[in-house]
Amino acid sequence: MITKITGFLTRVLDDDVRLQAGAFEYQVLVPDFVRRALQGRVGHEVTLHTSHFLDGNPMQGKVVPRLLGFTSEFELEFFELFCTVDKVGTRKAIKALVRPIKEIANAIQRQDSKWLTTLPGVGAATAEQIIATLRRKVTRFAMAGEPTPGSETPAAPGTVIDGNLFEDAYQALMAVGLSPLEARQRLDKVLANGRTFTAVEEIIQEVFKGAH
């Protein structure tokens, strides 16, 4: 399985890009937000983090292996999480992800089903299912800085924190009365200082340290 590919970007088409890697040119399907990020990089070397899926109908005897690409592991991880929603398959997820990851994650976190229905192929019922499935799982995607093409998963400098602690701390801050936006801002500030946290209580204490 190809997990990452580096080559010269030769073409950017409607649904895919072409990468020249040695003697081979690869077709890599990309969501629209990735396509836009790569438009200005034709002729340059790029690295895409990839996943495979089988496209087609086995009942009709035609299944084609496809390569799907993202500019960072951060984007790929969110895509795979998005695909865990019931009745959201690979093709539907590719079609839906036309906005940056952070915007979509923020909409899920604030339970904005109306905003989610603006994504292609996402109706009201699907939007509610996305929120119900992912609301407690997208905090770090909503709070992370946007990755640049070729970058790895973004994180605050020096921050060492388990993903579950991150989510639990966010929920705890809202439980004591902070709004979702304020909770994210407080966590952003605390996690940017590079301290290592091993318990939710440590994070909460740091958030309110010097607040009174």
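Student: Okay, how many bridges pair S2 with strand S3, and in which sense do they pair?
Tutor: S2 and S3 (residues 24–29) pair over 6 bridges, in the antiparallel sense. Two strands count as paired if DSSP finds at least two bridges between them. The names come from DSSP runs numbered from the N terminus: helices are H or I runs of at least four residues, strands are E runs of at least two.

Student: Before I go on, what kind of model is this?
Tutor: It is a predicted model, where local features need pLDDT of at least 70 and side-chain atom pairs count only at pLDDT 80 or more, while totals for chains, interfaces and linings use all residues. Residues are numbered from 1 along each chain as its sequence is written, and side-chain values use heavy atoms, with hydrogens and water left out.

Student: Back to S2 and S3. What is the bridge partner of Leu-19 in S3?
Tutor: That's Tyr-26. S1 and S2 run antiparallel and are joined by 4 bridges.

Student: Why would you call S2 largely enclosed?
Tutor: Because 5 of its 6 residues (16–21) are buried. Buried means under 20% relative accessible area, exposed over 50%, and partly exposed in between, using a 1.4 Å probe and protein chains only.

Student: Which strand is joined to S1 by 5 bridges?
Tutor: S4 (residues 45–57), which runs antiparallel to S1 (residues 4–12).

Student: Is Phe-24 buried or exposed?
Tutor: Phe-24 is exposed, at 55% relative accessible area, while Tyr-26 is partly exposed at 28%.

Student: Which pair is edge-to-face at 5.2 Å?
Tutor: Phe-78 and Phe-141, with 70° between their planes. This pair links distant parts of the chain, with Phe-78 in H2 (residues 73–82) and Phe-141 in H7 (residues 139–143), 63 residues apart. Both are buried. Ring pairs also bring Phe-74 and Phe-82 into a cluster with these two.

Student: What lies over the face of Phe-141?
Tutor: Arg-140, at 4.5 Å from the ring centre. A charge sits over a ring if NZ of Lys or CZ of Arg is within 6 Å of the ring centre and within 35 degrees of the ring normal.

Student: How many residues of H2 are buried?
Tutor: 7 of its 10, so H2 is mostly covered. Among them are Glu-75, Leu-76 and Phe-79. Glu-77 also lies in H2, but at 35% relative accessibility Glu-77 is partly exposed.

Student: Where is Lys-87, and what is its phi?
Tutor: Lys-87 is in the loop between H2 and H3. Its phi is positive, about 70°, although it is not a glycine. Most residues other than glycine have a negative phi. Lys-87 is exposed, at 74% relative accessible area.

Student: Which other non-glycine residue has a positive phi, near 60°?
Tutor: Gln-111, found in the loop between H4 (101–109) and H5 (113–116). Gln-111 is partly exposed at 46%.

Technical notes
Phe/Tyr/Trp six-rings, centres within 6.5 Å; stacked < 30°, edge-to-face > 60°.
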